[in-house]
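Subject: Structure handover

Hi,

Here is the structure for you to look over. My notes follow below it.

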Amino acid sequence: MSDSARETPVDDGKGDGTRAVRAGLPEPVKHEPTLPGPVFAAHFHLPGEPTGAYTYGRDENPTWTLLERAIGELEAPGRDDVETLVFASGMAAISAVLFSQLSAGDTVVLPDDGYQVLPLVRAQLEAYGVQVRTAPTGGDAQLDVLDGAKLLWIESPSNPGLDVCDIRRLVEAAHARGVLVAVDNTLATPLGQRPLELGADFAVASGTKQLTGHGDVLLGYVVGGDAGAMTAVRRWRKIVGAIPGPMEAWLAHRSIATLQLRVDRQCASALLVAQALRERPEVTGLRYPGLPDDPSHEVASRQMRRYGCVVSFTLPTRARAEAFLDALRLVDDATSFGGVRSTAERRGRWGGDAVAEGFVRLSVGAEDPEDLVADLLRALDASAR
Ligand SMILES: *Cc1c(COP(=O)(O)O)cnc(C)c1O
């Protein structure tokens with residue numbers, strides 16, 4: 001791709017609200033609901049040859065079908081050559097891609113600053129004879145370790161450090177070497193970034209976070225344009241059985257109707273929160289890709305249409321961070337992110353991430369931004385005493 005094509009801005013987000021509200025809805029049928037309720041079925045009537053769409057509940061379910069259509073419309077609007085598969089969780093989706101595409105002797109490139117379960121996945125891949133290389137997300141460092149790999153795994157923005165890599169550039173380099181590319185799109189959501197349009201072979205995500213946004217559902221998905229590769233992912237879902245329940249699938253679909261409202265509100269508030277925190281002397285290492293002077297901003301602005309709802313920063317000590325979290329009234333001290341209710345946590349309590357003791361990951365919810373900013377500033381003051 002030429003430099004000018006690479007720098008062509010992705011579209012301005014117009015139509016995302018309409019798309020989210022209508023995503024995956026079936027054709028109207030008189031007296032039928034606009035979004036049919038969950039179909040609870042372990043098996044379906046199936047006389048004669050066992051063919052057709054719905055045979056057994058581990059293979060297919062009509063509630064999944066509508067949700068998969070909805071997610072596909074958001075991740076790859078206007079494309080009918082992509083397949084979407086939903087899973088019981090983000091990790092089920094991630095494992096489905098990694099373990100269906102890689103075999104003993106293959107090499108995979110993972111980020112070394114990605115989701116905290118990736119090191120466990122790495123150990124399992126290695127136990128199966130897959131060679132694992134890692135490099136940081138920032139500075140496109142994964143470029144240097146692509147030779148001879150089968151699959152490149154990208155997480156951008158990375159969680160929790162919020163570094164960003166140039167996805168188009170990495171995809172170009174990977175494809176030139178015959179390397180498949182998967183992008184974890186959890187933090188951005190399909191309204192923030194569309195990896196398939198940036199050239200990736202798979203968009204993979206945890207729907208547990210902002211996609212569903214209410215902190216009450218675990219879900220994952222894989223969207224891909226390569227039919228052969230997706231057949232292997234589908235087979236993996238069937239043999240492992242990491243499938244979502246119909247109720248979860250239906251709740252997820254219902255929640256997607258408000259995705260654009262939530263994402264726009266939460267991203268706008270996250271920027272205001274980041275701007276307010278930046279003025280505080282006790283806050284260091286503040287990161288938000290939407291801040292014009294953030295190290296991620298330049299690359300992010302070329303491939304993202306919204307910058308997410310997560311802000312990260314460091315307070316001077318572990319005790320200060322704990323006192324701050326304790327003093328918050330509108331922000332729950334909880335893990336995960338993307339929900340309508342703001343959450344924050346001291347990330348170092350889990351171990352694993354290379355973060356300072358006072359590092360805080362804050363997920364900005366849908367509260368009124370002025371209330372939220374006031375609560376954060378008040379808690380910062382309270383934690384200094
Ligand atoms: C939460 C998360 C996952 C895992 O998703 P689950 O639904 O918890 O299994 C994977 N990647 C990222 C970036 C996440 O934030």
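Ser-312 is buried, at 0% relative accessibility. Buried means under 20% relative accessible area, exposed means over 50%, and partly exposed lies in between (1.4 Å probe, protein chains only). Ser-312 sits in strand E9. Its contacts (heavy atoms within 4.5 Å), leaving aside neighbours within four places in sequence, are Pro-160, Gly-161, Leu-162, Gly-285, Leu-286, Arg-287, Phe-359, Val-360 and Arg-361.

Two points on the source. This is a predicted model, where local features need pLDDT of at least 70 and side-chain atom pairs count only at pLDDT 80 or more, while totals for chains, interfaces and linings use all residues. Residues are numbered from 1 along each chain as its sequence is written, and side-chain values use heavy atoms, with hydrogens and water left out.

Now the sheet. Five strands form an open, mixed sheet in the order E8-E9-E12-E11-E10. Strands E8 (284-287) and E10 (332-333) are at the edges with a single partner strand each, so one side of each has no neighbour in the sheet. Strands (E, at least two residues) and helices (H or I, at least four) are DSSP runs, numbered from the N terminus. Two strands pair if DSSP finds at least two bridges between them.

The pairings:
- E8 and E9 (residues 310-314) run antiparallel, joined by two bridges. Thr-284 has Thr-314 in E9 as its bridge partner.
- E9 and E12 are antiparallel, with five bridges. Val-311 is partnered by Leu-362 in E12.
- E11 and E12 are antiparallel too, with four bridges. Arg-346 stands opposite Val-360 in E12.

E12 is mostly covered, with five of its five residues buried. Phe-359, Arg-361 and Ser-363 are buried on one side, Val-360 and Leu-362 on the other.

Helix H11 (residues 318-327) lies across E9, E10, E11 (343-346) and E12 (359-363), at about 160 degrees to E11. Axes are lines fitted to C-alpha atoms, for helices over the stretch in contact; angles run from 0 to 180 degrees between N-to-C directions.

Last, a helix pair. The axes of H3 (residues 62-75) and H8 (residues 246-256) come within 9 Å and cross at roughly 35 degrees. Thr-63, Trp-64, Leu-66, Leu-67, Ala-70, Ile-71 and Leu-74 in H3 meet Pro-246, Ala-249, Trp-250, Ala-252, His-253 and Ile-256 in H8. Eleven of the contact residues are nonpolar, two are polar and none is charged. Ala, Val, Leu, Ile, Met, Phe, Trp, Tyr, Cys and Pro count as nonpolar, Asp, Glu, Lys and Arg as charged, and the others, Gly among them, as polar.

Best wishes
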